[in-house]
Amino acid sequence: MPARPSVVIVCPREFKFTDHAATVERPHLSDVAELTTAWLDFDAPFPTSVLDAHALILWHGPLVTAPVIAQLKNCRAIIRNGVGFDSVDVAAAVKAGIPVCNVPDYGTEEVADHAIALILALYRQLFPLDAVAKQLAWHIDVAPKMRRLRTQTLGLVGLGRIGTATALRAKAFGFRVVFYDPYAPAGTHKAVGIERVNSLAALLKIADTVSVHCPLSAETRGLIGEKEIAQMKPGSFLVNTARGDVVDKAPVFAALHSGHLAGAGLDVVENEPLRTVDEAATPNLICTCHAAFCSPEGMVEMRSTSAKIARAAVLGQPVWNRVN
Ligand code: NAI
């Protein structure tokens, strides 16, 4: 009887993945494949069990380089358990004819909720008021910042999955929602029922709050820098739940000190984490440790999606979420 195909979950040793039984993945795979987990040091060679696998499910590493890919004799899919796939040499995988897949949408709702949470925390001044109360004081110096949402314009940079989910939530709160996304198809504003502007400068000029939802790319690295911060309305808010390097942190922190920005909600920060006590003491800064994607439900969705793609791969069926 021919050996059953094998699927290996590859996990960096330092990563705290303690589900040794792979309880999420197993129900999707146990009838069609042998499922094992390989805990590897980042720079250790890949063992034969991994190199011989029919599908790989990768946590954050180790790197699947061109030399590793050249040794994958049976592999029908490399699946990144997550969004980013920079740990895989995608070009080498193309050359080897191996599909590379990811799970781009497991945190869409969570990140949109998180962006809205940051926006509401800024508008309702939750953290300054909490700090006052816990000093056993009881005053509302921050009242001028607590604007009625229905009078406010929310400007979204990027209207993909998360930007759209954020737009829909913001509409329910009464915001005027405007977006800038040079790649969104014509008519997107009609489909979502929001307004579109054709330049970042136009967005920055009219938004009371700017929320960033574009990917990090060569084009978007430093997209919001000193010049763009200066173009934002005095007293406006900035929120970033996308990638830290899309927004230059020095001008943001300077604008928070000067009061040009009334507040910032950053789930992600350039060169994260925060590096100094001074950075951490920046006034009116909320910072949330790149946790916007988090939810137990999202993790289960991510892992079961990866397992379902692996199942399709070992059965010779079409895989989905291909990035190559
Ligand atoms: P997506 O690919 O669905 O949407 C991104 C949108 O940005 C696209 O519509 C694209 O056209 C647009 N875009 C590209 N270049 C642009 C530019 N120069 N200016 C304006 N818009 C531009 O991605 P999705 O799922 O909405 O995720 C967005 C980003 O959120 C991801 O790339 C990722 O970096 C970040 N993210 C953050 C997480 C967190 O935990 N903080 C978790 C998941 C994603």
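Author: Two strands are said to pair if DSSP finds at least two bridges between them. The model discussed here is predicted.

Reader: Which residue stands opposite Val 10 in β3?

Author: Strand β1 covers residues 6–12, and four bridges join this strand to β3. The two strands run parallel. Within this pairing, the residue of β3 opposite Val 10 is Leu 58.

Reader: Are the residues on both faces of strand β3 buried or exposed?

Author: In a regular strand, side chains alternate between the two faces of the sheet. In β3, residues 55–58, Ala 55 and Ile 57 lie on one side, while Leu 56 and Leu 58 lie on the other. Both faces are covered, and all four residues are buried.

Reader: What distance separates the centres of domain 1 and domain 2?

Author: The domain assignment gives domain 1 as 6–106 + 295–314. Domain 2 is assigned to 108–287. Taken over C-alpha atoms, the separation of the two centres is 35 Å.

Reader: Which are the edge strands of the open sheet of seven strands?

Author: The seven strands follow the order β8-β7-β6-β9-β10-β11-β12, with parallel pairing. An edge strand here pairs on one side only, and this holds for β8 (195–196) and β12 (285–287). The edge strands are therefore, given that pairing requires at least two bridges, β8 and β12.

Reader: At about what angle does helix α7 run to β6?

Author: Strand β6, residues 153–157, pairs with strand β7, residues 176–180, in the parallel sense over five bridges. In this pairing, Thr 153 stands opposite Arg 176. Helix α7, residues 161–173, lies across β6 and β7, and its angle to β6 is about 170°.

Reader: Why does Thr 220 count as buried?

Author: Thr 220 is placed in the loop between β9 (209–212) and α10 (226–231). Beyond four places in sequence, it touches Cys 214, Pro 215, Asp 245 and Val 246. A polar atom of the Thr 220 side chain also lies 2.6 Å from the backbone oxygen of Pro 215. Thr 220 counts as buried because the cut-off is under 20% and its relative accessibility is 7%.

Reader: What is the relative accessibility of Asn 240?

Author: Asn 240 belongs to strand β10, residues 236–240. Leaving aside neighbours within four places in sequence, its contacts include Val 212, Val 247, Gly 265 and Asp 267. A polar atom of its side chain lies 2.8 Å from the backbone nitrogen of Ala 242. Asn 240 counts as buried because its relative accessibility is 0%.

Reader: How far is a nitrogen atom of the ligand from a polar backbone atom of Thr 241?

Author: There are 23 residues around the ligand, and those that come nearest are Arg 161, Ile 162, Asp 181, Thr 241 and Asp 267. A polar side-chain atom of Glu 219 lies 3.2 Å from a nitrogen atom of the ligand. For Arg 243, an N or O atom in the side chain is 3.4 Å from an oxygen atom of the ligand. For the backbone of Thr 241, the distance to a ligand nitrogen is 2.9 Å.

Conventions:
Residues are numbered from 1 along each chain as its sequence is written. This is a predicted model: local features need pLDDT of at least 70, side-chain atom pairs count only at pLDDT 80 or more; totals for chains, interfaces and linings use all residues. Side-chain values use heavy atoms; hydrogens and water are left out. Buried means under 20% relative accessible area, exposed over 50%, partly exposed in between (1.4 Å probe, protein chains only). Domain bounds come from an automatic or database domain assignment. Contact means heavy atoms within 4.5 Å. Axes are lines fitted to C-alpha atoms, for helices over the stretch in contact, and angles run from 0 to 180 degrees between N-to-C directions. A polar contact is a pair of N or O atoms within 3.5 Å; within protein, one must be able to donate a hydrogen and the other to accept it, and residues adjacent in sequence count only if both atoms are side-chain atoms. A residue is near a molecule or strand if one of its heavy atoms lies within 4 Å of it.
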